[in-house]
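User: Please bring up the two-chain model that is to be discussed. A few packing and sheet questions will follow.

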Amino acid sequence: MTFRSLEQLARDEPSLVRRERTFNKRTVQEWLAGAVAKLDDAQRSANSGPTRMDAAYDVLLFSALALFASGGFRITSSPGHHAIALEGMAHLLNLSQAVFDEIDAVREWRNRKYAGAFFVSDEDVKDAIDCARQTLSRTELEK
Amino acid sequence: MNQALFSELFGGEGRLKALRLLYSHPHQALPLREFAAAAGIDHAQLHRLLKRWVAVGLVQRLPRGRSVAYRASDDPALRPLILLFKQHDELVDDIRAVLPASTTYAAIIGSYAKGTESAQSDVDVLVVANASEIKTNAALKPVARKHGRAINAAVMPAHRFRSLVRERDSFVLGVLDSPRIELKGEISDLSKS
């Protein structure tokens, strides 16, 4: 699978990806600060398993949003925007398919909670945090 | 699938290909020409086989205007054939190949196991293992891409499965009461602590 560039995503998915008129460095910094705070939440063992999983996923999403903002794009809140945000991030960070598959599996785990999946294993929390930490590091290096 | 063994069991390679196509997709009705192409067997040979199989009730003949389509029989006595062929389907083999090493039991559940799925239906898998659901689902993604359908694995350790049985959890009871395509282990072993 080839990950589409932000320009391509804006052409293919105009309701989800919009080009910004101006580049706003502060927006990028805010998303990154939000991702760092979420990583802290995910690593805090006093938090419940589902809360830590949600926080780990937010690290991935906020990293993607920072990258989009840095590239002069933004994501709308239309249905499907999470998958598109992660795809754009995979392109910008030049992620392998295997790494992206793991990120996408975290996204799907988050979606399953709406079907009543409240059980979280220690392995899942650890893998989601590892995935979030590595993605955030790659994002910070890219910026 | 052990092709030689199954060919012998079903009386030849052509018969095996035709029966596998019919019973791996029991709700799919195929016209003769399309059927022959999909199974990769000779049109005339298939016609002869279908004529005999319709006569004995192994296959349903469905008139469609001027043409005719063929589908697996819905006789409940033949259900084991569906499970047998699905058990050795390429998709099933591919899923089995990427299960976590710690898997003690795994099965395909839901519409695919019941034989009521459409071509777009997700394939649901239960994996009992000391493994991460995220890593397991990530490992299944190449299989999902290869076969063009989503695969969702629910992963849990054996002690959790047993406690859900005791709590009469609806998901686990549904698994126990419904058809499954076994990938690894025996479900009866899970009740032994």
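**Helix packing, sheets and the chain contact**

User: Where H5(A) passes H6(A), is the crossing left-handed or right-handed?

Analyst: H5(A) passes H6(A) in a left-handed crossing, meaning that the near helix is turned anticlockwise from the far one by less than a right angle, with clockwise giving right-handed. The model is predicted, so local features need pLDDT of at least 70 and side-chain atom pairs count only at pLDDT 80 or more, while totals for chains, interfaces and linings use all residues. Residues are numbered from 1 along each chain as its sequence is written, with chains lettered from A and ligands numbered from 1 in the order in which they are written.

User: At roughly what angle do the axes of those two helices cross?

Analyst: The axes of H5(A), residues 97-112, and H6(A), residues 122-142, cross at roughly 125 degrees and come within 10 Å. H5(A) is therefore oblique to H6(A). In this scheme, angles under 35 degrees are roughly parallel, over 145 roughly antiparallel, 65 to 115 roughly perpendicular, and the rest oblique. Axes are lines fitted to C-alpha atoms, for helices over the stretch in contact, and angles run from 0 to 180 degrees between N-to-C directions. Helices (H or I, at least four residues) and strands (E, at least two) are DSSP runs numbered from the N terminus.

User: Which residues make that contact?

Analyst: From H5(A) they are Glu102(A), Ile103(A), Val106(A) and Trp109(A), and from H6(A) they are Asp124(A), Ala128(A), Cys131(A) and Thr135(A). Residues are in contact if their C-beta atoms, placed from the backbone, lie within 7 Å. By class, there are 5 nonpolar, 1 polar and 2 charged residues. Ala, Val, Leu, Ile, Met, Phe, Trp, Tyr, Cys and Pro count as nonpolar, Asp, Glu, Lys and Arg as charged, and the others, Gly among them, as polar.

User: What about H3(A) and H4(A): within what distance do their axes come?

Analyst: The axes of H3(A), residues 49-70, and H4(A), residues 81-92, come within 9 Å and cross at roughly 65 degrees. Their crossing is left-handed. The contact includes Leu60(A), Leu61(A) and Phe68(A) of H3(A), together with Leu86(A), Met89(A) and Leu92(A), which are among those of H4(A). The residues of this contact divide into 10 nonpolar, 3 polar and no charged.

User: Turning to chain B, which domains does the assignment give?

Analyst: Chain B has domain 1 (3-77) and domain 2 (90-191), with bounds that come from an automatic or database domain assignment. The C-alpha centres of these two domains of chain B lie 29 Å apart.

User: In what order do the strands of the 3-stranded sheet of chain B run?

Analyst: The order is S1-S3-S2 in an open, antiparallel sheet of chain B. S1 (30-31) and S2 (59-64) of chain B are at the edges with a single partner strand each, so each has one side without a neighbour in the sheet. S2(B) and S3(B), residues 67-72, are joined by 6 bridges, and strands count as paired if DSSP finds at least two bridges between them. Arg61(B) has Tyr70(B) of S3(B) as its bridge partner.

User: And the 4-stranded sheet of chain B: which order does that one have?

Analyst: That open sheet of chain B has the order S6-S5-S4-S7, with mixed pairing. Its edges are S6 (151-156) and S7 (181-184) of chain B; each has a single partner strand, so one side of each lacks a neighbour in the sheet. The twist averages 20 degrees from one strand to the next. S5(B), residues 123-128, pairs with S6(B) in the parallel sense over 6 bridges, and Val127(B) has Val155(B) of S6(B) as its bridge partner.

User: Which helix lies across S5 and S6 of chain B?

Analyst: H8(B), residues 133-147, lies across both strands and runs at about 155 degrees to S6(B).

User: How many residues of chain B are in contact with chain A?

Analyst: 11 residues of chain B are in contact with 14 residues of chain A. H8(B) gives the most to the chain B side, with 7 residues. By class, that side has 4 nonpolar, 2 polar and 5 charged residues.

How values were computed. Contact = placed C-beta atoms within 7 Å.
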